[in-house]
Amino acid sequence: MRLCILFVLYALFSCALILIYVHQLAPANVLNGWRPWAMQVEGWAALVIGWFASYYCLSRISGQPSDFLRLFICAIPLTSFLLLNSVAGKLPSGAVLTNLCILIFPLLLLDAMGRLNWWPVRLPSMANSLPAEYVALVLLSVVVFVAYLHAPENAGFGMNDTHVRRFEGRELYPARSTLAYALSMSMNGLVPFLAYRATERSKSVLLVFALGASVFFYWLIGVKAPFAYAIAACAMGLMIRSGKLKYMGHFFLLAVVVAALIVVGEWLFVSKYSYVADYFFRRLFPIQALDQSYYLQFLFSDKPVDWSWFLGSSDPSFQPSYYIGEHFGGSAQSNSNTNAFLASLMLGGIWGYVIAVAFVSLVLCVYDRLWKASQNPAYLFLGYMYSALLIEQAYSVAMISSGIMLLTLLVMFEKPRVAKKSEAVPMEMKV
């Protein structure tokens, strides 16, 4: 019964993406180069294969850290691309099936590595009695204070000048600077971690700090992502407390279907324009397909840079996201991010892609083992956050610059919270 419900939800989810794109998003963005919905023969073949492969991966979700990668890859970049790859026009022959393989292979390797039992994972013998959320709270407070002292001149709450604050922030906090790293770790790691712990451990004060920091970062450089990360982390904390995490796929698909019903309600009873379609569906789904299409056009076309399929670019200053933004997105200041696997292929060729897939699979398998050994639900959060960031960040950026490695260390050395003596987990337990 559970699998039947999942099948129906996934079918409704897929239909909703096409309906909203055809009825509003494509016509509204025609001046931006968006094309009408269409499917070629190769696209139909990839859709049939990829759709059922995605459904199979979603059906295998059991509620462990690595399941978040299955959910996010299948539901966002893969399904978006399979259904909406015509957004940038007709792609070169073989591009659609190639991208299907690029996105499916990491999930296959993750399954294969998860079945191996010969490699042990040990919990650290030293544990810190101070909960990780308090360390995270102190670090976040320090970053907010320092950033406030170095705030941009245009800092504020205006809705129409957020891009100005972002560009000013890039100049004020240059890439690879200490404050830039600190801000990235805070927005992408510390804020959602505090929001997660607020609901998972019923500590409302942490949620106040998380939302307050999100407001501050919007005031500082106009970013909205911390709000979304915090809300999603709160929802995940509630699911963990209720023991419903194995239904994460059902809840995600249901949430999108409900949002689609709201869109239809806006069309019928308000106007032909839907705010939910523009601010939620547009950003989460067609943009994913559009950026992937740009990357594939680069891979399958003549390139003005020194690039090879095996090793990628030989230019150390080559940055795929900014190259795509300038040459395909139409703006030299545009940063067109895509999922970590496609980005790794463009940056480092097949060799870079293989390293990315192996690294991500290994990290998530380690999270699975540590979670089973300690039953610390924070490893579920780490799996969620790392997988979510991989949708639009390089695997190394998500691990280091976004604070996942820092949070991993805090959680690994956190003293486990044991409710009963009989439930205690030995700190040297093997999995």
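This is a short talk on the predicted model of one protein, going from the whole chain to single residues.

Let me start with the conventions: the model is predicted, so local features need pLDDT of at least 70 and side-chain atom pairs count only at pLDDT 80 or more, while totals for chains, interfaces and linings use all residues. Residues are numbered from 1 along each chain as its sequence is written, and side-chain values use heavy atoms, with hydrogens and water left out.

On the overall fold, the protein has 17 helices and two strands, where helices (H or I, at least four residues) and strands (E, at least two) are DSSP runs numbered from the N terminus. For 431 residues, a compact globule would have a radius of gyration near 22 Å, and the protein, with 22 Å, agrees with that expectation; the radius is taken over C-alpha atoms, and the globule rule is 2.2 Å times the number of residues to the power 0.38. Along the principal axes, the C-alpha atoms fill a box of roughly 60 × 55 × 55 Å.

Turning to burial and surface, buried residues make up 52% of the 431 residues, with buried meaning under 20% relative accessible area, exposed over 50%, and partly exposed in between (1.4 Å probe, protein chains only). The accessible surface comes to about 19,800 Å², of which 67% belongs to carbon and sulfur atoms; such areas come from the Shrake-Rupley method with a 1.4 Å probe, and for residues only the protein chains shown count as cover. As for charge, the mean positions of the 29 positive and 21 negative charges are 12 Å apart, where Lys and Arg count as positive and Asp and Glu as negative, with His and the chain ends not counted, and where each charge is placed at NZ of Lys, CZ of Arg, CG of Asp or CD of Glu.

Which residues does Ala230 touch, not counting residues up to four places away in sequence? They are Val191, Pro192, Ala195, Leu211 and Ser214. Ala230 has its place in helix α9, residues 225-242, and because its relative accessible area is 1%, it counts as buried. Its C-alpha atom is separated by 9.4 Å from that of Met187, 43 residues apart along the chain.

Beyond that helix, Gly243 lies in the loop between α9 and α10 (248-269), and it counts as exposed because its relative accessibility is 53%. The C-alpha atoms of Gly243 and Gly63 are 180 residues apart along the chain, yet separated by 9.0 Å.

Two further loop residues deserve a look for their backbone angles. Ser202, in the loop between α7 (178-200) and α8 (204-221), has a phi near 55°, a positive value in a residue other than glycine, and with a relative accessible area of 48% Ser202 is partly exposed. Gln375, in the loop between α14 and α15 (378-390), has a phi near 60°, again positive in a residue other than glycine, and Gln375 is partly exposed at 47%.

Finally, two exposed positions. Asp306 lies in the loop between α12 (286-299) and β1 (307-308) and is exposed, with a relative accessible area of 57%; leaving aside neighbours within four places in sequence, Asp306 is in contact with Gly312, Ser313 and Ser314. Ile49, by contrast, is found in a helix, α2, residues 41-59, and is exposed with a relative accessible area of 51%.

Definitions and conventions. Contact = heavy atoms within 4.5 Å.
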